[in-house]
Amino acid sequence: MGKPTGFLEYDRSLPEDRPPEERIKDWDEFHTHFDIEKLQIQGARCMDCGVPFCHAGMQIGRTSIGCPLNNLIPEWNDLVYRGDMEEAYKRLSLTANFPEFTGRVCPALCEGSCTLGMHDPAVTIKNIECHIIDTMFAEGKVKPRIPARSTEKRVAVVGSGPAGLACADMLNQMGHKVTVFERHDRAGGLLMYGIPNMKLDKRVVERRINLMQEEGVVFKMNTEIGKNYPVVKLVDEFDAIVLCIGSTRPRPLTVPGAELNGVHYAVDFLTKNTKSLLDSEFKDRQFINPKGKNVIIVGGGDTGTDCVGTSIRHGCKSVTQLEIMPELSETRTPSNPWPEWPRLKKTDYGQEEAIYVFGKDPREYLTTITKIEGDEKGCVSKVHTVEVSWETGAPVPVPGTEKVRDCDLVLVAMGFLGPEQELLEQLTLAKDARSNIKASEATHKTSMKGIFAAGDCRRGQSLVVWAIREGRQAAEAVNEYLSE
């Protein structure tokens with residue numbers, strides 16, 4: 001696919017992000033697009049390999065190989081190279097419900113398994129995907145798809161994150177009557193409130209929600225099953241139920257002082273920030289404000305990075321990101337061979353911005369909090385940390401590395417422990433050892449007839465692209481169940 005010799009002639013290239021000095025002044029997306037000629041050159045690098053691992057969609061243990069959606073990547077790379085964006089969009093749409101989301105926030109598992117990546121930088125698959133869908137929306141070629149017939153079967157999807165949206169989209173196209181229940185005031189789940197606007201503009205999310213509504217999907221906001229909408233009513237009114245409630249119980253910080261004012265979970269910090277931005281451009285003051293504060297973020301990963309970028313945009317005095325794990329290598333290690341997803345150190349947008357503002361990377365590795373001090377008002381004032389060693393296989397404090405740091409705001413970004421349990425208990429659903437909903441990947445059936453589960457509430461905390469795959473698979477399972 002692409003130009004037969006393109007991978008030999010052209011280097012990998014991406015459009016430059018908006019510079020840090022410009023983007024930290026607003027909440028707009030920082031990624032940009034190439035013009036079509038430059039994009040075609042990147043499509044030409046796809047090398048027509050005999051076995052394209054980029055769309056393998058496999059998971060072996062904790063290792064991912066290729067795109068979980070099995071996107072037909074070589075085909076639409078070739079079409080982009082030939083300048084046929086509309087046909088590329090048709091190919092992309094066969095497997096990807098929301099390429100405008102994955103094209104922005106997916107870590108590009110496909111690129112980690114690109115055959116060209118064995119010896120050269122991989123094809124810019126993620127950027128090409130995003131450009132295809134954005135071009136089609138801009139040209140008005142993404143139209144509502146009204147189902148030709150209705151089965152009159154009613155399906156409830158609980159949760160409107162990526163798994164719920166994908167499941168609802170598929171079931172609606174199959175002809176079922178789909179209602180999506182969302183406890184927040186806006187649909188989208190973590191796409192709406194868990195990811196900052198500069199990484200995923202909420203107009204992009206709302207555009208897709210509006211399209212789904214035109215296609216017949218019903219969204220009920222501010223509706224939490226088991227609280228202001230009885231579980232019994234849900235079971236009685238629908239022929240099938242799909243739970244896509246995510247993994248929203250944050251891992252707690254269990255150190256002395258964790259209860260002090262000024263200690264917040266990252267998910268609450270990011271949610272309140274985005275809601276206030278959308279509601280009033282921060283005029284309502286209903287957000288956790290880091291302005292002028294020394295911010296310490298506990299945990300790495302994308303969520304930690306989002307906290308860094310958000311804190312900087314609000315004008316924090318300083319920001320430090322503590323990571324208990326060792327610093328990753330910048331190149332593949334023998335234990336992480338191709339075509340596995342490469343576990344590499346990356347300097348993301350938040351770190352880039354911190355380097356620009358404060359002159360240094362905010363990350364400190366092999367470091368953890370041991371204690372939080374408060375002032376006379378019960379507010380965070382200092383944080384005690386220590387370096388750790390992993391030589392024994394567990395983190396052990398290193399004597400003599402203790403530090404006491406000034407701090408006004410602690411953000412806990414240590415991951416999640418599973419779905420909230422109250423709804424599961426009301427439905428008397430079986431759970432696995434990690435407190436997730438027990439349901440196989442093959443059928444997505446729970447222990448209760450007619451109730452299915454998909455996304456992070458079933459598989460545990462994961463990526464948006466895996467959630468979309470789960471939603472698609474659950475829709476197929478529900479359709480089979482309703483056809484029995």
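**Salt bridges, burial and sheets**

Author: The count comes to 38 salt bridges, a salt bridge being a side-chain nitrogen of Lys or Arg within 4 Å of a carboxyl oxygen of Asp or Glu. This is a predicted model, in which local features need pLDDT of at least 70 and side-chain atom pairs count only at pLDDT 80 or more, whereas totals for chains, interfaces and linings use all residues. Residues are numbered from 1 along each chain as its sequence is written, and side-chain values use heavy atoms, with hydrogens and water left out.

Reader: What makes D78 and R82 a salt bridge?

Author: The N to O distance between their side chains is 2.9 Å, and the rule asks for a position within 4 Å, so the pair qualifies.

Reader: Why is D78 called buried and R82 exposed?

Author: Buried means under 20% relative accessible area, exposed over 50% and partly exposed in between, with a 1.4 Å probe and protein chains only. D78 has 11% and is therefore buried, while R82 has 57% and is therefore exposed.

Reader: Which parts does the salt bridge of R104 and D134 tie together?

Author: The closest N and O atoms of R104 and D134 are 2.9 Å apart. R104 lies in helix α6 (residues 99-105) and D134 in helix α8 (residues 125-138), so the pair ties together parts that are 30 residues apart in sequence. Helices (H or I, at least four residues) and strands (E, at least two) are DSSP runs, numbered from the N terminus. Both R104 and D134 are buried.

Reader: How do the classes of R363 and D361 follow from their values?

Author: R363 has 15% relative accessibility and so counts as buried; D361, at 24%, is partly exposed. Their side chains meet in a salt bridge, 2.7 Å from N to O.

Reader: What makes Y356, V357 and F358 a nonpolar surface patch?

Author: Patches are made of residues with over 30% relative accessible area and no salt bridge; like charges are joined within 9 Å, and nonpolar side chains (Val, Leu, Ile, Met, Phe, Trp, Tyr) within 5 Å. Y356, found in helix α15 (residues 349-358), has 46% relative accessibility and so counts as partly exposed. The patch made by Y356, V357 and F358 covers about 260 Å², an accessible area from the Shrake-Rupley method with a 1.4 Å probe, where for residues only the protein chains shown count as cover.

Reader: How do you know that β7 and β15 pair?

Author: Two strands pair if DSSP finds at least two bridges between them. Three bridges join β7 to strand β15 (residues 409-412), and the two run parallel.

Reader: Why are β7 and β10 called edges?

Author: The open sheet has five strands in the order β7-β15-β8-β9-β10, with parallel pairing. β7 (263-265) and β10 (363-365) each have a single partner strand, so one side of each is left without a neighbour in the sheet. The twist averages 25° from one strand to the next, with axes fitted to C-alpha atoms, for helices over the stretch in contact, and angles running from 0 to 180 degrees between N-to-C directions.

Reader: Why is T179 called buried, and which residues does T179 touch?

Author: T179 lies in strand β4 (residues 177-181) and has a relative accessible area of 8%, so T179 is buried. Not counting residues up to four places away in sequence, T179 touches V155, A156, V157, V218, K220 and F238, where contact means heavy atoms within 4.5 Å.
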